[in-house]
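Could you walk me through the aromatic rings in this structure? I have it open in my viewer and would like to know what to select next.

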Amino acid sequence: MSSRTPSGQARTSGERAVARHGWVHALVTVLGALLAMAVVTGLGLWAAGAADLPDGSFAPVVAATMVTAVGGTVRLTGSAGDLADTQADLTVIPLSVTLTGALVVAWGFLRPLRHRAVAGAGELAGWAGRVAALWLLALIGLTLAARHTFDISLGDDTLGELGDLFGASPKVGFTADVPLSVFVGVVWLAGVLVLALLVSRGAPLPAGLLRFQASVRPAAYAMVALLLACVAIGVVIALVVAATKGNARETFAVILLGIPNLVWPALTIGLGATWNGRVEGPFGLPMPQVLDEVLRTPDISELNLRTLAEHDGRVWWLLVVDIVLLLAAAFVMAARSPARVRAWQHAVHMAVALVLTVFMICLVGRISARYGLSVLGIGDLGGGLGGELFLRPRLWGAVGLAVPWGLVTGFAGALLARHVRRRGEVRSDGAA
């Protein structure tokens with residue numbers, strides 16, 4: 001009899017809700033994310049030619065790429081005999097893999113929480129803890145697998161003969177920093193779960209946090225939509241380039257491994273930000289070619305609208321695209337906000353959200369690569385093996401530019417959304 005009472009029904013319903021996101025669902029979430037990341041990474045590395053790496057190093061390279069995708073650290077090591085020395089360094093986050101993992105984790109985390117208005121803090125913490133525990137175990141296995149050493153051929157010319165003479169056959173290896181990578185990977189997961197709760201309108205929040213959802217959730221959703229729109233535009237452009245100019249395999253490698261590494265900094269450049277960089281030696285940026293032209297100089301180069309336009313005037317379209325995207329994001333933010341939020345508040349929310357977004361792009365979009373070989377203290381020996389590539393933003397200038405852009409587009413987006421019926425709005429006829 002008691003099971004048929006309203007209180008009993010509520011208790012049974014609550015138990016079913018909690019049981020829906022147990023260990024099995026956590027395991028499916030983690031395995032799904034790892035599988036999706038592994039597929040994207042493997043296909044991207046295959047398209048980039050990594051399948052031809054010697055000594056069966058393809059699988060460890062896939063593992064190492066996945067480790068760096070969640071913020072982990074992979075250290076490069078090198079040796080070239082007693083009379084030679086190698087130096088290697090690589091810092092880059094394959095953001096296509098990162099984005100894939102984040103989307104799958106967020107989907108798996110939110111799916112059992114659908115159709116809930118409010119969830120207790122303990123319940124959310126327990127569900128996140130299950131996912132985090134399994135993710136921790138997966139990270140440990142992944143970092144232990146991300147290590148390998150293989151030889152680099154110097155060729156059959158004079159450089160190769162010198163290498164054989166001095167016993168200077170270079171070896172390059174990599175190994176993941178297990179404690180640091182596991183720690184950062186768990187922090188990455190926590191960030192993804194928190195952002196998923198902020199973005200999803202249907203995800204439940206603890207009662208104490210409900211008062212923040214009117215200001216935070218629409219802005220977070222708008223920024224995620226903005227970043228995904230940039231990626232979608234970049235993919236379309238890359239596919240057009242692959243269809244019209246060839247190099248399809250290299251283009252697909254860029255799409256699968258690092259299309260956000262190109263389009264998200266381009267978003268900041270369209271806002272007027274400047275990135276500093278340099279390309280030297282065998283390194284290069286696969287697309288677009290104008291980036292390599294601007295950065296391949298003897299000194300450190302500036303990468304902004306002006307310097308890019310000197311090589312290709314079409315770069316000014318970045319400014320137009322940014323205006324359209326930011327206005328669209330501001331409109332979406334205003335349309336998803338309660339009717340009581342005023343236009344100036346939308347402007348402030350947009351500015352804060354855009355500042356945080358640009359700050360994130362500047363942190364994750366940095367690239368640094370360096371490799372060198374010297375024999376008897378003589379660097380490179382004319383073999384073209386040494387080189388350097390780096391790209392880093394002028395952080396505070398980019399963040400500062402985001403403030404006026406956010407204020408103006410946020411206010412304009414609120415005006416554009418005036419006639420959109422929103423939550424909490426009451427019509428003149430009295431109908432809610």
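Start by selecting W188: in this predicted model, W188 is buried, with a relative accessible area of 16%.

Keep the two residues on screen. The structure holds three aromatic pairs, and W135 with W188 is a stacked one, with 5.6 Å from centre to centre and 25° between the planes. Colour helix α5 (residues 121-145) and helix α7 (residues 178-199) next: W135 lies in the former and W188 in the latter, so their pairing ties together parts that are 53 residues apart in sequence.

Next stop: select F359 and W396. Their ring centres are 6.3 Å apart and the planes meet at 35°, so this pair counts as tilted. F359 belongs to helix α13 (residues 343-364) and W396 to helix α14 (residues 395-416), so the contact ties together parts 37 residues apart in sequence.

Finally, look for charges over rings. Select R249 and W46: the charged end of R249 sits over the ring of W46, 4.4 Å from the ring's centre. Then move to Y221 and R336, where R336 lies over the face of Y221, 3.6 Å from the ring centre.

Conventions:
Residues numbered from 1 in each chain as written. Predicted model: local features only at pLDDT ≥ 70, side-chain atom pairs only at ≥ 80, totals over all residues. Heavy atoms only, no water. Phe/Tyr/Trp six-rings, centres within 6.5 Å; stacked < 30°, edge-to-face > 60°. Helix = DSSP H or I, 4+ residues; strand = E, 2+ residues; numbered from the N terminus. Buried < 20%, exposed > 50% of the residue type's maximum accessible area, 1.4 Å probe, protein only. Lys NZ or Arg CZ within 6 Å of the ring centre and 35° of its normal.
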